[in-house]
Each structure stands twice: as structure tokens, then as C-alpha cells.
Amino acid sequence: MVVMVEALVPIFGLIMLGYLFRRWQFPGEGFWPLAERFTYYALFPAMLIYKLGSAELPVSAYFEIAVLILAMLAAMTLLLVIVRLVWRWSGPVYSSVFQGAGRFNSYVALAAAGLLLGDEGLSLMAIAVAVMVPLLNLLCILMFALIADQEPVRFRPVLKAIVTNPLIIGSVFGVVWSFFRIGFHPLLAGMLEPLSNLALPLGLMTVGAGLQLRALRGASMPFAVATFAKLICFPVMTLGLAMLLGVDGLMLQVVILLAAMPTASSSYILARQLGGDAPLMAAIISGQTLLATVTVPLLLGLLW
């Protein structure tokens with residue numbers, strides 16, 4: 001537990017450092033949106049290509065991860081359908097609860113995997129992210145189309161956004177690189193490695209810079225339900241599914257770590273663009289990120 005806490009404290013410390021820098025307007029008000037864009041489109045794809053391309057994972061690992069991810073999403077979707085039947089919230093409110101309970105912050109997940117589980121754990125997490133991101137996006141868009149009280153959602157722009165997602169592109173390139181054992185020329189590795197090392201700390205600080213702690217003043221029952229489902233129920237359900245499917249070892253640690261992550265910062269953008277409850281979504285994102293500093297080490301200590 002002590003080792004786990006020591007590995008996780010720097011992660012959440014960097015998140016809070018980003019929040020403080022943004023609050024102090026350091027190094028400038030316009031810096032953090034540009035830093036987030038640079039991290040998303042350049043640093044993280046470079047890291048995924050380099051880490052995955054250097055990994056030597058068996059082909060069976062890709063299939064096992066895909067099956068387990070599908071089972072995780074199916075179980076959480078079923079739970080959220082039950083939530084819909086119990087609490088008949090409006091479409092915008094429920095859409096924020098759905099995103100808050102089902103999505104995850106890939107920056108924090110990759111950073112935690114790298115620090116806690118090493119390069120092999122980071123590679124497995126990258127594959128899980130590549131599988132989960134498009135499926136979650138499609139699930140959330142379908143949910144908006146069914147229950148949000150707005151105009152019908154157009155699927156073509158959404159599918160285009162998924163196909164052009166830099167994290168997915170970087171993961172696909174990395175998997176292909178690894179599968180064919182292409183390897184990296186020292187000159188190429190000399191460029192990708194420092195970019196890879198820069199990705200996680202800057203990515204974590206941009207997560208912190210995007211926090212809206214004032215939104216927590218409006219925390220309510222939807223906030224509590226989404227947060228309990230995401231930070232507690234999802235990891236526990238994932239452990240049960242993994243045991244049923246016979247998954248253990250490093251892969252079990254990776255999927256539990258992924259399930260324990262707070263929801264994605266990008267959920268706010270989707271809520272704002274597609275008619276969700278954006279203030280509630282901001283509260284869920286900020287609250288879960290703060291609470292995860294406590295729940296993640298505790299759950300990992302119990303479930304690993």
C-alpha cells in the first residue's frame with residue numbers, strides 16, 4: 001500500500017499543480033488550452049507509438065483485453081439503465097450521469113499504469129484505451145440520441161472524430177509496429193523517447209488546469225450516483241467479470257486500474273455540444289478527480 005500511495009501521489013500532485021498554475025494564470029492565460037492541444041495531438045500519440053511499438057505482447061493479449069472491455073461496458077451500461085429506471089432525471093441530467101459513471105480519464109490511466117506497472121503495464125493500458133475510447137464514444141452518442149431533449153444527433157461527424165482520434169491513431173500505429181517487430185532506429189527513438197517522457201507530466205497538469213472546482217457547489221444526488229458508480233461500483237464489477245473470465249496477473253491489475261479512474265475531462269465538451277447538463281458534468285469531473293486521490297489507492301490495495 002505504501003508503494004502504491006508513493007506512486008500515485010505524484011500523479012495527483014501534478015494534477016493539482018496544473019490547477020494552481022491555471023488559477024495563478026502562470027505562465028499565461030492562453031498557455032493551458034494550447035498545452036492541452038499539443039499534448040493531445042503530438043505528445044500522447046508519440047508516446048503510444050513508442051511504448052507500444054517497443055512492447056512484445058502476445059497476440060492473445062489483444063483478444064483478452066477486447067473481450068474484457070466489452071464485458072465491462074455491457075455491465076456498466078446495464079447498471080446505468082437500472083439507474084434510469086430508479087431516478088427519472090431529465091435527459092440532460094441523465095446524460096451527464098451516464099458519462100460520469102462510464103467514461104475514464106485516459107491521461108491519468110496511462111500515467112498511473114506507467115508508474116505502477118512499468119512499460120508492459122503501460123502497453124496493456126494503451127491497448128485497453130484504444131479499444132475503449134471508440135466504444136465509449138459510440139455508447140455516449142447513442143445515449144444522447146435516445147434521451148437528450150435536443151435535436152437528433154448526427155452520427156457522421158462523431159464517427160469522423162473517432163476515426164481521427166490521435167490516441168486511437170497512435171495506438172494502432174504502435175500495435176502494428178509491435179506486431180511486425182519493426183523496431184526503432186536510434187535516431188527515431190532519440191526523438192520519440194523524450195516526447196514520450198514529456199507526455200504524461202504535461203498531460204496530467206492539463207487535466208488539473210481544466211478542473212472547475214466552483215462547480216462542486218451545485219453537487220447533488222446525480223453527482224453522488226455518478227461518482228459512486230464510477231469510483232466504487234465499476235472497479236468492483238470489473239474484478240468480478242475478470243474472475244469469471246479467468247483473467248489474472250498484470251492484465252487484471254490493468255483493467256481494475258482503468259475502471260477505478262475518474263471520468264474524462266472531454267465529457268464536459270460532449271455535454272455542452274450535444275445538449276447535456278454541462279454544469280453538472282463539470283462538477284462530476286472535478287469532484288471525481290479530487291475523490292480519486294483517496295479511492296484509487298484504497299481500491300487498488302483491496303482489489304489487486
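In which hand, left-handed or right-handed, does H5 pass H8?

**View A. The crossing of H5 and H8 in the predicted model.** H5 passes H8 in a left-handed crossing, and the axes of H5 and helix H8, which spans residues 186-209, come within 9 Å and cross at roughly 140 degrees. Angles over 145 degrees would count as roughly antiparallel, and H5 and H8 are therefore oblique to each other. On the H5 side the contact is made by Tyr107, Val108, Leu110 and Ala111, while H8 brings Leu200, Gly203, Leu204, Thr206 and Val207. By class, this contact of H5 with H8 has seven nonpolar and two polar residues, and no charged ones.

**View B. The crossing of H2 and H8.** H8 also crosses H2, and here the two axes come within 7 Å at an angle of roughly 135 degrees. H2 and H8 are therefore oblique to each other, and their crossing is left-handed. The residues of the contact of H2 with H8 divide into 18 nonpolar, four polar and three charged.

**View C. The packing of H3 against H10.** H3 and helix H10, the latter made up of residues 249-259, pack at an angle of about 35 degrees with their axes 11 Å apart, and the crossing of H3 and H10 is right-handed. Sorted by class, the contact of H3 with H10 has nine nonpolar residues, one charged residue and no polar residues.

**View D. The largest cavity and its lining.** The count of cavities of 30 Å³ or more comes to one, and the largest cavity has a volume of about 50 Å³. Rolling a probe the size of a water molecule over the atoms shows where empty space is left. Leu73, Met76, Thr77, Leu80, Phe98, Gly102, Leu136, Leu139 and Phe234 line the largest cavity. Helix H3 (59-86), helix H4 (91-102) and helix H5 (106-147) each supply at least two residues of this lining, and the largest share, four residues, comes from H3. The lining of the largest cavity has seven nonpolar and two polar residues, with no charged residues.

**View E. The second largest pocket.** The second largest pocket has a volume of about 290 Å³. Its lining includes Tyr19, Arg22, Arg23 and Glu29, together with Ala209, Gly210, Leu211, Gln212, Leu213, Arg214 and Ala215. Helix H1, which covers residues 2-23, gives the most to the lining of the second largest pocket, with three residues. By class, the residues of this lining divide into five nonpolar, two polar and four charged.

View F. The phi of Gln25 is near 55 degrees, a positive value in a residue other than glycine. The peptide bond from Phe26 to Pro27 is cis, with omega near 0 degrees. As background to this view, most residues other than glycine have a negative phi, and most peptide bonds are trans.

**View G. Arg181 in the loop between H7 and H8.** Arg181 lies in the loop between helix H7, which covers 166-179, and H8. The phi of Arg181 is near 50 degrees, which is a positive value in a residue other than glycine.

Terms used
Residues are numbered from 1 along each chain as its sequence is written. This is a predicted model: local features need pLDDT of at least 70, side-chain atom pairs count only at pLDDT 80 or more; totals for chains, interfaces and linings use all residues. Side-chain values use heavy atoms; hydrogens and water are left out. On a 1 Å grid over the protein atoms alone, a cavity is a set of points where a 1.4 Å probe fits but cannot get out, and a pocket is an open set with protein on both sides within 12 Å along at least five of seven lines; lining residues have an atom within 4 Å of a point. Grid points are joined across faces, edges and corners, and a volume is the space filled by probe spheres set on the points. Ala, Val, Leu, Ile, Met, Phe, Trp, Tyr, Cys and Pro count as nonpolar, Asp, Glu, Lys and Arg as charged, and the others, Gly among them, as polar. Axes are lines fitted to C-alpha atoms, for helices over the stretch in contact, and angles run from 0 to 180 degrees between N-to-C directions. A crossing is left-handed if the near helix is turned anticlockwise from the far one by less than a right angle, and right-handed if clockwise. Angles under 35 degrees count as roughly parallel, over 145 as roughly antiparallel, 65 to 115 as roughly perpendicular and the rest as oblique. Contact means heavy atoms within 4.5 Å.
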